[in-house]
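This report walks through one protein model, from its overall fold down to single side-chain pairs. Please keep the sequence and the 3D view open while reading.

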Amino acid sequence: MITFSVDNLKDMNDRLKVFSDFLRQSDVGEDDIFDSRLVSCELITNVLIHCGERADFCGKISGGNIVITVSSPHTGNTPPPQGIPDVFAERGRGLYIVKTVSDGNVFFREGAVEVYLRIKD
């Protein structure tokens, strides 16, 4: 399991490299690593931009899935009032991408967004 906090976009890539290395060491394929990085970037960016505070990240492998959890320490992540947008929405395409890549396995729990990505390789 990898955990870290990010308070600016500049540091996000360095922190996510540690997660990608963890997945490689766990014999996860490059396509799945790409998907997990895409999801992680979208979720962390959402917290930093929309909540205006630090993003807390947890990534692990569990039951054939890469599980990514992102939260903010005070305001918490809540689903958009209209739900996860579709591809034609003016805002929220990042959550649409996350939903698509994860086959809809996106859950809002206790102020966090938790995403399950099935390991394909």
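## Terms and model

Helices here are DSSP runs of type H or I with at least four residues, numbered from the N terminus. The model is predicted.

## Overall fold

The protein chain holds three helices and five strands. Read from the N terminus, the order is β-α-α-β-β-α-β-β. The chain has 121 residues, and 43% of them are buried. Its accessible surface is about 6800 Å², with 50% belonging to carbon and sulfur atoms.

Five strands make an open sheet in the order β1-β2-β3-β5-β4, with antiparallel pairing. β1 (2-6) and β4 are the edge strands, each pairing on one side only. On average, neighbouring strands of this sheet are turned by 20° against each other, direction ignored.

β2 (residues 55-62) and β3 run antiparallel and are joined by seven bridges. One of the bridge pairs sets phenylalanine 57 against valine 70 in β3. Two residues separate β2 and β3 in a hairpin. Glycine 63, in the turn, has a positive phi of about 55°. β3 is also joined to β5 by seven bridges, again antiparallel. Here valine 67 stands opposite tyrosine 116 in β5, and serine 71 has alanine 112 as its bridge partner.

## Strand β3

How many of the seven residues of β3 (residues 65-71) are buried? Seven of the seven are, so the strand is largely enclosed by the rest of the structure. In a regular strand, side chains alternate between the two faces of the sheet.

## Helices

α2 lies across β1, β2, β3 and β5. It runs at about 10° to β3.

Which residues of α3 (residues 93-101) are buried? They are Gly94, Leu95 and Val98. These residues cover an arc of only 95° around the axis, which puts them on the same side of α3. They pack against α2 (30-51), β4 (106-109) and β5 (112-118). Aspartate 103 follows α3 and has a positive phi, near 55°.

Serine 20 sits in helix α1 (residues 9-25). Its relative accessible area is 6%, so serine 20 is buried. Leaving aside residues up to four places away in sequence, serine 20 touches Ile33 and Arg37.

## Salt bridges

The count of salt bridges comes to seven. Lys17, Asp21, Arg24 and Glu30 are linked in a network of them. Within it, the side chains of aspartate 21 and arginine 24 meet at 3.5 Å, N to O. Why can this pair be described as about one turn apart? Aspartate 21 and arginine 24 are three residues apart in helix α1, so about one helical turn separates them. An α-helix has 3.6 residues a turn, so residues three or four places apart point the same way. Aspartate 21 is partly exposed, with a relative accessible area of 27%. Arginine 24 is also partly exposed, at 39%.

A second salt bridge joins the side chains of aspartate 35 and lysine 120 at 3.2 Å, N to O. This pair links distant parts of the chain: aspartate 35 is in helix α2, lysine 120 is in the segment after β5, and 85 residues separate them. Aspartate 35 counts as buried because its relative accessibility is 17%, under the 20% cut-off. Lysine 120 counts as exposed at 56%, over the 50% cut-off.

Arginine 109 forms a salt bridge with glutamate 114, with the closest N and O atoms 2.3 Å apart. Glutamate 114 is buried, with a relative accessible area of 16%.

Conventions: Residues are numbered from 1 along each chain as its sequence is written. This is a predicted model: local features need pLDDT of at least 70, side-chain atom pairs count only at pLDDT 80 or more; totals for chains, interfaces and linings use all residues. Side-chain values use heavy atoms; hydrogens and water are left out. Buried means under 20% relative accessible area, exposed over 50%, partly exposed in between (1.4 Å probe, protein chains only). Accessible areas come from the Shrake-Rupley method with a 1.4 Å probe; for residues, only the protein chains shown count as cover. The arc is that of the directions from the helix axis to the C-beta atoms. Contact means heavy atoms within 4.5 Å. Two strands pair if DSSP finds at least two bridges between them. Axes are lines fitted to C-alpha atoms, for helices over the stretch in contact, and angles run from 0 to 180 degrees between N-to-C directions. A salt bridge is a side-chain nitrogen of Lys or Arg within 4 Å of a carboxyl oxygen of Asp or Glu.
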